[in-house]
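Subject: Structure for you to look at

Hello,

Here is the structure I said I would pass on. Please open it before reading the rest.

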Amino acid sequence: MTDGLQYLSLARKAGLAELGEEPVGSITRAGKGALVLVASDSSEHTWRRALSFVAGTKQTCIRIPATKAEMGQAVGRQELAIAAITDPNMALAMVKALPGDRTVALEALTQKADRQKKHRQEEKAHARNVRKSGGHTKK
């Protein structure tokens with residue numbers, strides 16, 4: 001198993017991955033997919049379908065250098081043609097581990113991971129401010 005597929009396996013175990021065409025379609029339509037992965041030996045129909053899932057969104061779709069059997073083995077299935085990772089940081093780590101030039105995907109996922117980090121910092125600061133002030137009160 002390659003390093004990239006190990007991240008897919010970790011994402012599945014952590015509940016950060018959707019596997020198969022229908023779940024991937026649902027999660028991307030909801031705008032919650034950070035990265036859609038398509039196996040190298042999947043059909044053109046599957047590739048076009050994956051591209052249509054992310055069309056008009058800030059989600060990224062890439063074809064990875066792994067077969068359906070290799071992707072399936074990484075997640076405990078016979079075969080897997082399409083998957084989505086929902087966490088931008090996990091998706092970024094996976095793209096970095098994949099061979100080849102993936103600059104566009106790296107840039108998009110880096111921006112998404114930075115936005116998520118900033119959002120978490122703001123949530124933490126807000127929670128700290130609410131605790132200091134004793135909560136929200138109406139006068």
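Below is what turned up, going from the overall fold to the sheet, the cores and the salt bridges.

**Overall**

Please keep in mind that this is a predicted model. The protein has 6 helices and 4 strands, and along the sequence they follow the pattern α-β-α-β-α-β-α-β-α-α. Taken along the principal axes, the C-alpha atoms fill a box of roughly 65 × 30 × 30 Å. Of the 139 residues, 39% count as buried. The protein exposes about 8,300 Å², and 50% of that is supplied by carbon and sulfur atoms. Among contacts with a separation of 6 or more, 74% are between residues 24 or more positions apart.

**The sheet**

The 4 strands form an open sheet with mixed pairing, in the order β1-β4-β2-β3. β1 (17–19) and β3 (60–64) stand at the edges; each has a single partner strand, so one side of each is left without a neighbour in the sheet. On average, and ignoring direction, neighbouring strands here are turned by 20° against each other.

Two of the pairings involve β4. Strand β2 (residues 35–39) pairs with strand β4 (residues 82–85) in the antiparallel sense, over 4 bridges. Within that pairing, leucine 37 has alanine 83 of β4 as its bridge partner, and leucine 35 stands opposite isoleucine 85 in β4. β1 also runs antiparallel to β4, and 3 bridges join the two. There, glutamate 18 stands opposite alanine 84 in β4.

What covers the two faces of β4, or are they open? Both faces are covered: Ile82 and Ala84 on one side, and Ala83 and Ile85 on the other, are all buried.

**The cores**

The largest nonpolar core has 27 residues, and Leu8, Leu37, Ile62, Ile64, Met71 and Ile85 touch the most other members. The elements that give two or more residues to this core are α1 (3–13), β1, β2, β3, α4 (68–75), β4, α5 (88–97) and α6 (103–133). Of these, α5 gives the most, with 5 residues.

Leaving out residues up to four places away in sequence, isoleucine 85 touches Leu8, Ala11, Leu16, Ala17, Gly33, Ala34, Leu35, Leu37, Met90, Ala91 and Met94. There is also a second, separate core of 11 residues, which includes Val24, Ile27, Ala50 and Phe53.

**The salt bridges**

A search of the whole structure finds 2 salt bridges.

One of them is between glutamate 21 and arginine 49, where the closest N and O atoms are 2.3 Å apart. This pair links distant parts of the chain: glutamate 21 lies in helix α2 (residues 21–29) and arginine 49 in helix α3 (residues 44–54), 28 residues apart.

Leaving aside neighbours within four places in sequence, arginine 49 is in contact with Glu21 and Glu22. The C-alpha atoms of arginine 49 and valine 24 are separated by 10 Å, and these two residues are 25 apart along the chain.

The other salt bridge joins glutamate 44 to arginine 63, with the closest N and O atoms 3.6 Å apart. This pair, too, links distant parts of the chain, with glutamate 44 in helix α3 and arginine 63 in strand β3, 19 residues apart. Arginine 63 is partly exposed, its relative accessible area being 23%; the cut-off for buried is under 20%, so arginine 63 does not count as buried.

**In brief**

Then go to isoleucine 85, one of the residues that touch the most other members of the largest nonpolar core. Finish at the salt bridges, glutamate 21 with arginine 49 and glutamate 44 with arginine 63.

Regards

Key
Residues are numbered from 1 along each chain as its sequence is written. This is a predicted model: local features need pLDDT of at least 70, side-chain atom pairs count only at pLDDT 80 or more; totals for chains, interfaces and linings use all residues. Side-chain values use heavy atoms; hydrogens and water are left out. Two strands pair if DSSP finds at least two bridges between them. Axes are lines fitted to C-alpha atoms, for helices over the stretch in contact, and angles run from 0 to 180 degrees between N-to-C directions. A salt bridge is a side-chain nitrogen of Lys or Arg within 4 Å of a carboxyl oxygen of Asp or Glu. Buried means under 20% relative accessible area, exposed over 50%, partly exposed in between (1.4 Å probe, protein chains only). A nonpolar core is a set of buried Ala, Val, Leu, Ile, Met, Phe, Trp, Tyr and Cys residues joined through side-chain atoms within 4.5 Å. Contact means heavy atoms within 4.5 Å. Accessible areas come from the Shrake-Rupley method with a 1.4 Å probe; for residues, only the protein chains shown count as cover.
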